[in-house]
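Here is a briefing on the structure shown below. Please read it alongside the sequence.

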Amino acid sequence: MLSIPSSIIQNMIEHARELAPHECCGILSGKEGEISDCYRITNILANMSEQELTRFDGAKLSDLQRLSPEERADIAFQMDAREMAMAQRDMRSKGLDLLGFYHSHTFSPARPSLTDITIAMEFESYRAKLNFPEPFHLIVSLEVADQPVVRAYRIQEALATEVPIHTLN
Amino acid sequence: MIKVRIPTPLRPMTGGKSEVEMAGSTVSEIIENLGSAHPGIKERLYDEQGEVRRFINIYVNEEDIRFLTGKDTPLKDGDEVSIIPAIAGGS
């Protein structure tokens with residue numbers, strides 16, 4: 001179970017809508033399964049060089065290489081590492097934990113893609129060594145424009161399991 | 001020696017190793033030595049201006065070097081350097 005204030009759910013949906021068709025991304029912090037803060041992070045994908053795209057793997061990399069830089073951000077995101085570090089520092093100063101990551105799927109359902117799972121597993125391999133708690137992965141889908149959907153997942157051993165969201169008013 | 005954690009996308013350059021030991025007294029020296037031992041890796045970490053690429057975080061132990069003294073952050077025996085790409089994904 002993950003508890004999120006309705007204002008933060010609304011904030012994530014607004015973020016997704018503002019950036020559409022590009023994917024948005026951000027970080028959520030809080031304590032013990034209850035989100036209290038949301039940090040919007042820049043999706044820098046459209047500004048990444050061809051060489052930097054090799055950060056992605058096989059099929060996704062081929063897809064990205066076929067598109068223009070602007071179009072790439074429609075199907076993927078890369079968080080700005082500096083903003084991510086700043087957010088982590090801010091949450092640490094407030095005594096909060098990094099509880100989750102969110103991003104949007106502009107044209108597809110609110111479930112993790114193969115790329116999402118691969119990169120979540122990559123993060124998982126570093127996480128414990130850096131003392132980060134296990135994150136929730138949230139996806140905002142704008143597939144049906146007037147009916148945005150937000151879902152949360154745990155991703156373990158290459159499997160995504162949906163976690164119910166309890167909305168706090 | 002300093003233990004350096006290598007992220008998944010760069011492991012083909014270290015023969016598949018997730019951790020390597022490097023000599024160096026600053027982060028910058030470690031990256032230089034890493035680049036000499038494993039050609040191509042430095043270019044994956046630094047941009048054309050020689051700055052850490054915008055999607056990469058480098059930690060010394062549990063602190064991001066941006067909040068220490070950047071690439072000049074001093075290292076002592078037993079410190080651990082982790083190279084971590086920021087979260088990404090795609091639909």
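Two strands pair if DSSP finds at least two bridges between them. Helices (H or I, at least four residues) and strands (E, at least two) are DSSP runs, numbered from the N terminus. With those terms, β4 of chain A and strand β6 (residues 88-90) of chain B are joined by three bridges and run antiparallel.

This is a predicted model, in which local features need pLDDT of at least 70, side-chain atom pairs count only at pLDDT 80 or more, and totals for chains, interfaces and linings use all residues. Residues are numbered from 1 along each chain as its sequence is written, while chains are lettered from A and ligands numbered from 1 in the order in which they are written.

**Confidence**

- The model scores ipTM 0.93 and pTM 0.94.
- Chain B has a mean pLDDT (the predictor's confidence in each residue, from 0 to 100) of 94.
- In chain B, 100% of the residues reach 70 or more.

**The contact between the chains**

- The contact takes 33 residues from chain A and 23 residues from chain B. Two residues are in contact if their C-beta atoms, placed from the backbone, lie within 7 Å.
- On the chain A side, β4 (76-78), α4 (81-93), β5 (97-105) and α5 (114-127) each supply at least two residues.
- The largest share of that side comes from α5(A), with seven residues.
- By class, the side of chain A that touches chain B has 14 nonpolar, nine polar and 10 charged residues. Here Ala, Val, Leu, Ile, Met, Phe, Trp, Tyr, Cys and Pro count as nonpolar, Asp, Glu, Lys and Arg as charged, and the others, Gly among them, as polar.

**Chain A: overall build**

- Chain A has five helices and nine strands.
- From the N terminus on, its elements run β-α-β-β-α-α-β-α-β-α-β-β-β-β.
- The radius of gyration of chain A is 15 Å, close to the 15 Å that the globule rule gives for 169 residues, so chain A is as compact as a globular protein of that length. This radius is taken over C-alpha atoms, and the rule is 2.2 Å times the number of residues to the power 0.38.
- Its C-alpha trace spans about 40 × 40 × 30 Å along the principal axes.
- Of the 169 residues of chain A, 43% count as buried. A residue is buried if 20 or more other C-beta atoms lie within 10 Å of its own, exposed if 12 or fewer, and partly exposed in between, with C-beta atoms placed from the backbone.
- Among chain A contacts between residues at least 6 apart in sequence, 71% join residues at least 24 apart.

- Strand β7 (residues 149-156) and β8 (residues 159-163) of chain A run antiparallel. Five bridges join them.
- One bridge pairs A:Arg154 with A:Thr161 in β8(A).
- The hairpin has two residues between the strands, and A:Glu157 takes a positive phi near 45 degrees there.

**Chain A: loops**

- A:Pro21 lies in the loop between α1 (6-19) and β2 (25-31) of chain A. The peptide bond from A:Ala20 to A:Pro21 is cis, with omega near 10 degrees.
- A:Glu32 sits in the loop between β2 and β3 of chain A. Its phi is near 45 degrees, a positive value in a residue other than glycine.
- A:Glu32 counts as exposed, because it has 8 C-beta neighbours inside 10 Å.
- A:Ser49 is in the loop between β3 (34-41) and α2 (58-66) of chain A. A:Ser49 is exposed, with 11 other C-beta atoms within 10 Å.
- C-alpha to C-alpha, A:Ser49 and A:Val163 are 36 Å apart in space, and 114 residues separate them in sequence.

**Chain B**

- Chain B has two helices and six strands, in the order β-β-α-α-β-β-β-β from the N terminus on.
- Five of the strands form an open sheet with mixed pairing, in the order β2-β1-β5-β3-β4. β2 (19-22) and β4 (63-64) stand at the edges, each with a single partner strand, so one side of each is left without a neighbour in the sheet.
- Strand β3 (residues 56-60) and strand β5 (residues 80-85) of chain B run antiparallel, joined by five bridges. B:Ile58 has B:Ile83 as its bridge partner in β5(B).
- B:Asn61 lies in the loop between β3 and β4 of chain B. Its phi is near 55 degrees, a positive value in a residue other than glycine.
- Of the 91 residues of chain B, 40% count as buried.
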